[in-house]
Amino acid sequence: MEPKEIIQAALNRGQTALSEYDSKRLLDAFGIPITREALAATEEEAAAFARKLGYPVVMKGCSPRLMHKSDQGWIELNVDSEDQVRRTFQRFVRKAEAPLDGVLIQEKILGPRELVIGMNRDPQFGVCVMLGLGGVMTEVFKDTVFRVAPFDLPEARDMTEELRSKDLLGPFRGQAPADIEALCRALTAVGTLGMELEAITELDANPVIIDPQGRIVAVDALVVLEG
C-alpha cells in the first residue's frame, strides 16, 4: 500500500493517528531505516515471526489507540523464547479493551545512543524538522535543533553539528561513529514526507538508536493526522 493510501484508509476509519506499524511503513517508504518487524494477527504468526527474526525480540500491542505503550504496559522487551512469545501474545489480547490491529514482533536493537527525529507543521513556517537527543533524555535536556523543509544534505549536516550532545555521534566507548550520511538522509526525507503528505500534522520517531556499528534505526514512531 502506498503512503497516501495508508493515510487515506486511516482517515476513512476516523483515526487521528497511525499505529506504530503504519507509522513505520511510512518511514520505510521514504527510505528512513526502521527495525525489522512484522504484525502478527495470531499466536502462531507471532511465534513464526519471532523464529524468523531470531531471539530476543521485542513485542508491542499495536493499535492507533495505543499512543503511550510503554506507560501502559504494552511493550515487552527481551522476549527470548517461543513460550514467552505465546504468553505475551495471550496477555496482550486479554488486556485489550478493544480489538488490536495485531501484535508487533520486532527485532531488538542494542545501543546506548538515542536520538529523536520529529516533524511538525507550523502555521507560519510550514513543515519543520527536528533532531535531538532521544529516548527519556528528550524532555530532560531539551537538546534539539530545527530546520524548515525543504533543505539539503549539507543543511542536515549542520543540524548534527549544532547539537550540544554532538559528541555522541562520534566514536563512543568502543562503538563506531554514527552513520552521519544516513542520519542526514533521514532528516531530509522526513522533510519531504511532511511536504508530500499534507494530512500529517506531527511525526515523532523516538528513539532512533545508533547501534554499536554506527547504523541508525528508528525503533518507535508515531504519526499524528489532521483531526
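**Reading the labels on this fold**

Me: Why does arginine 173 count as exposed?
Reply: Arginine 173 has 78% relative accessibility, and exposed means over 50% relative accessible area, buried under 20% and partly exposed in between (1.4 Å probe, protein chains only). So arginine 173 counts as exposed. This is a predicted model, in which local features need pLDDT of at least 70 and side-chain atom pairs count only at pLDDT 80 or more, while totals for chains, interfaces and linings use all residues. Residues are numbered from 1 along each chain as its sequence is written, and side-chain values use heavy atoms, leaving out hydrogens and water.

Me: Where does arginine 173 sit, and what is its phi?
Reply: Look in the loop between H6 and H7. Phi of arginine 173 is near 50°, a positive value in a residue other than glycine. As for the labels, helices (H or I, at least four residues) and strands (E, at least two) are DSSP runs, numbered from the N terminus.

Me: What makes asparagine 78 partly exposed?
Reply: Its relative accessible area is 42%, so asparagine 78 falls in the in-between class. Asparagine 78 belongs to strand E3 (residues 75-79), and its phi is positive too, near 60°.

Me: And how do you know whether valine 217 is buried or exposed?
Reply: Valine 217 has a relative accessible area of 9%, so buried is the word. You'll find valine 217 in strand E9 (residues 216-218). Setting aside neighbours within four places in sequence, valine 217 is in contact (heavy atoms within 4.5 Å) with Pro33, Ile34, Thr35, Ile109, Pro207, Val208 and Ile209.

Me: Why are H6 and H7 called roughly perpendicular?
Reply: The axes of helix H6 (residues 153-162) and helix H7 (residues 180-196) cross at roughly 110° and come within 9 Å. Axes are lines fitted to C-alpha atoms, for helices over the stretch in contact, with angles running from 0 to 180 degrees between N-to-C directions. Under 35 degrees is roughly parallel, over 145 roughly antiparallel, 65 to 115 roughly perpendicular and the rest oblique. So H6 and H7 count as roughly perpendicular.

Me: Which residues of H6 and H7 meet?
Reply: From H6 there are Leu153, Ala156, Arg157, Met159 and Thr160; from H7, Ile180, Glu181, Leu183, Cys184, Arg185, Leu187 and Thr188. They divide into seven nonpolar, two polar and three charged, where Ala, Val, Leu, Ile, Met, Phe, Trp, Tyr, Cys and Pro count as nonpolar, Asp, Glu, Lys and Arg as charged, and the others, Gly among them, as polar.

Me: What makes a set of residues a nonpolar core, and which members of the largest one touch the most others?
Reply: The members must be buried Ala, Val, Leu, Ile, Met, Phe, Trp, Tyr or Cys residues, joined through side-chain atoms within 4.5 Å. In the largest, of 43 residues, Leu26, Leu131, Leu187 and Ile200 touch the most other members. H7 gives the largest share, nine residues. Another core, of 14 residues, lies apart from it, and includes Trp74 and Phe92.
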